[in-house]
Amino acid sequence: MFSAAAENQLRRAREVQDEDLQKFCSILLQNKECNNEVIDSLQKLFLIVSATKYNRSLPNDVLQKLRYTLCFVKAPLPVLVLCSAILREVLPCNSSMLSCEEINDMKTLNLVSSVMLAQGSKNAEIALCHRILKLLDSRQAEGQGTRYLMPILSKVLSLTPAILNEEQISAFNKKLVDWLRYAGTVQGVPHSSGGFFSPRSRQPASILEVDGAVTGDFFTVLSIGQCYTEDQWLNMHSFSMIRRWLQQTGAGDNSSSDADDKSELDSSIMSMVSASSTSSRLMPPKERLWEKTFEYCNRLIEQSDRKALRKSDSELQKACLIEAVTLMDLICRHDLLFVYRAFPVVKALYTRISADPGFARALLPVAQFYLNHSELAAVDSEAVYRQLFTKVPSELYQDPMLAFEFVHFCRENAKTLRESVAIFHKSFPNLLKFLAWNTAALLPDYIALLPDLIRPDTSIELLHSLLDLPCLTASLEVQLRSLSSQGNEKVIADLNRKVLNSAEAFQYPSYRSMFYYILRVESGAGDTIDRLNQLHEVLLDMAKRPRVVQCAQTVPILLQVYFKVVNQFADGPLINQLVLVILERSGLLYDIPDFKAEVLRVFSSQLIVLCKLYPALIVEQSKELLEFCGTICNITNKENFFIHVVWAIGEYLSLSCDKRCTVEHITKSYETLEALLFEIIQLRTSASVFKYSPRVITVLMTALAKLASRSQDLIPRVSLLLSKMRPFVRSALISSLYSDEDIEEILARANELNNLLKAPSVAQFILGPSTDIAGPRWYKDTNASLPLTMRIISKVLQREPAPGFPV
């Protein structure tokens, strides 16, 4: 957030009217010198044009002065930077307003290019690229700043990859080779101020390694000096853009036929051919660039093994290590001859860094290298994948950058991991730790990654893990807090004493198995479903923690993704298991505000989908479903889900849905629902009568009528029960609880069902239609719609004229 003073300045800048802006510009034009007053005016103008969402228009003479100052006046750097920034803010403007053809100064071209690229003109990009190549080909004096052109060229290539022809690519490849490999190893001489106390000239010092040793004859970005020469700066800039350059000029685009031919060669022969190859100077420019880049990366890996004297240099080592392995992988994907030279280096690197958590991010490009090339080189890579998927997430889940890169790695390689790496699917409890700790940042990535984690053999456990995701977040917080205060915690002596909070429970032996299960690293490691209530109880003090609440809000979204994928391959046995989990976990959820309601909403919708996919589950799981419906407290605690269960029983417990459906099944289900409805409508003298929603009552009545229509011996029983609805809702006690609209709704449904059951064959047709009859036509066609049919039957039974028919 901005400070009060900054907010005030922004508000005043937004309130500047166009007339005042024109006056300010006229004052700016009158000043002919580039002094501090001009800098102050330019800063105010930049604030005005950048503070509003809409574009501010400046007079043409002001734009021309800004352009002229930027391109042709040797003004102080702050003036040039402000001119460039203002011109970018007033875009779009005439694309011919700026031209780079007459600019020879590298720093000026850098500022002008930012304006030209912001215009979005293809012609401007082409002109800028040609100007940069022309300047690079010309012989510029030392210190002219050729390195300033490298970021511009990289940006242009990212916008227009095919802008260069083969001749230009070859010429630039040669320059990159020289800049990467042949930079000097002597430090530059600092510019003297020319004063009386300027130091006397002395011999330039050698470039040093990160550990303070004198470097050899190979300068890299890990070579340390007090002052760098121009070729050393070009070396560093070249390395920063070499990956994008190789990607855009063909590295990694080897044809499959070439790969097949080369993979048939013996590895020893390929190594010999590579080792005995002719001098790299005889290679074509592209191949020579690959060779020198490979040597550069090899040199970086060697330098990363040195003990850095400064922490910043240590971090630079890790960053360069990641880039070096990534570049090696890119080169090997283009030319498989490099694989056999790179694998010993990468393998030795993995052995060195695998045990050091500080190099965890470097394990990702190493694993990528193994994924791409281990099959060709016949190298066992199981240990690399196991280290990556078991140890790293469980120990470093709180590192946001590692979490982002890890999930990105999984998404980029999802197909290969799914087909070739067994530990990938087994480690989903570990992978969910990244999401549990970094929910807001990683949710979109996990929505895309989740389908690749779902398999038939682990889908049930994954469903439990998604439901327990807030518990995982709470447990991670407890674990992290416990580790940070481990030295101060005292061992609990009295094992019979009641646990007071989650931190104490984490140290308590009887709760340890539950935490071990929630924090497991692989699937299939036991089951604590019987003790979930106990776990929820000890984690209750964590339920309102912001991180836990935020994680709980994402679970319904992930459940929707989960069921969408599972429904595509689920068969009868799996659907039965899913329904059992839904019923069981509907009462075993972490007590977080709104969490239970949102999860039950997903359960309700998905239960109907599962019933449509496999209607026979109502018969196969009739015992569990009736046990759920027979518990009246399920109405009060999870009404919406209860309604969907009752509706599914009434809709799909039919011979047309499952040939195994017998009269005994229908009668048993009917008696359970009948007892439940009777329990609801019986009148008590007690004043504390619970108010059930009209929707519960009407759904129960409809389900009973549907079951009775399939077993006509039950029709008298349901008719008797429906006839009791009028005295129930008209009683003084009940009528005081319900509104007139609710009472009319209950009575109207009872009358409709009662009238319908008086014609059993019609009731069976209406309440249990076949698949064809249940199609959209019967509801949309005005001449053959079910609602019209029901109204006609109701009128006939009541001896009243039907709608549309004469008396």
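Aromatic pairs number 20 in this structure, which is a predicted model. One of these pairs joins Phe172 and Trp179, whose arrangement is edge-to-face, with 6.0 Å from centre to centre and 80° between the planes. Phe172 is buried, with a relative accessible area of 1%, and Trp179 is buried as well, at a relative accessible area of 12%. Both values count as buried because the cut-off for that word is under 20% relative accessible area.

A second pair is formed by Phe628 and Phe641, and since the ring centres are 5.3 Å apart and the planes stand at 75°, this pair is also edge-to-face. Phe628 belongs to helix α32 (residues 622-629), while Phe641 belongs to helix α34 (residues 639-652), so the pair ties together parts that are 13 residues apart in sequence. Phe628 and Phe641 are both buried. The two pairs can be set side by side, as a pair of aromatic rings is described by the distance of the centres and the angle of the planes.

| Aromatic pair | Centre to centre | Angle between planes |
|---|---|---|
| Phe172 and Trp179 | 6.0 Å | 80° |
| Phe628 and Phe641 | 5.3 Å | 75° |

Elsewhere in the chain, Phe389, Phe406, Phe424 and Phe434 are linked by ring pairs into a cluster.

Aromatic rings also meet charged side chains. The charged end of Lys318 sits over the ring of Phe359, at 5.6 Å from the ring centre, and Arg547 lies over the face of Trp437, 3.9 Å from the centre of that ring.

Turning to the chain as a whole, the protein has 43 helices and zero strands. Of its 807 residues, 50% are buried.

Helix α8, which spans residues 149-159, has as its buried residues Leu149, Met150, Ile152, Leu153, Ser154, Val156 and Leu157. Which helices are included in what covers the buried residues of α8? Among them are α6 (106-119), α7 (122-137), α9 (166-181) and α10 (230-248).

Terms used: Residues are numbered from 1 along each chain as its sequence is written. This is a predicted model: local features need pLDDT of at least 70, side-chain atom pairs count only at pLDDT 80 or more; totals for chains, interfaces and linings use all residues. Side-chain values use heavy atoms; hydrogens and water are left out. Buried means under 20% relative accessible area, exposed over 50%, partly exposed in between (1.4 Å probe, protein chains only). Helices (H or I, at least four residues) and strands (E, at least two) are DSSP runs, numbered from the N terminus. Contact means heavy atoms within 4.5 Å. Rings of Phe, Tyr and Trp (its six-membered ring) pair if their centres lie within 6.5 Å; planes under 30 degrees apart count as stacked, over 60 as edge-to-face and the rest as tilted. A charge sits over a ring if NZ of Lys or CZ of Arg is within 6 Å of the ring centre and within 35 degrees of the ring normal.
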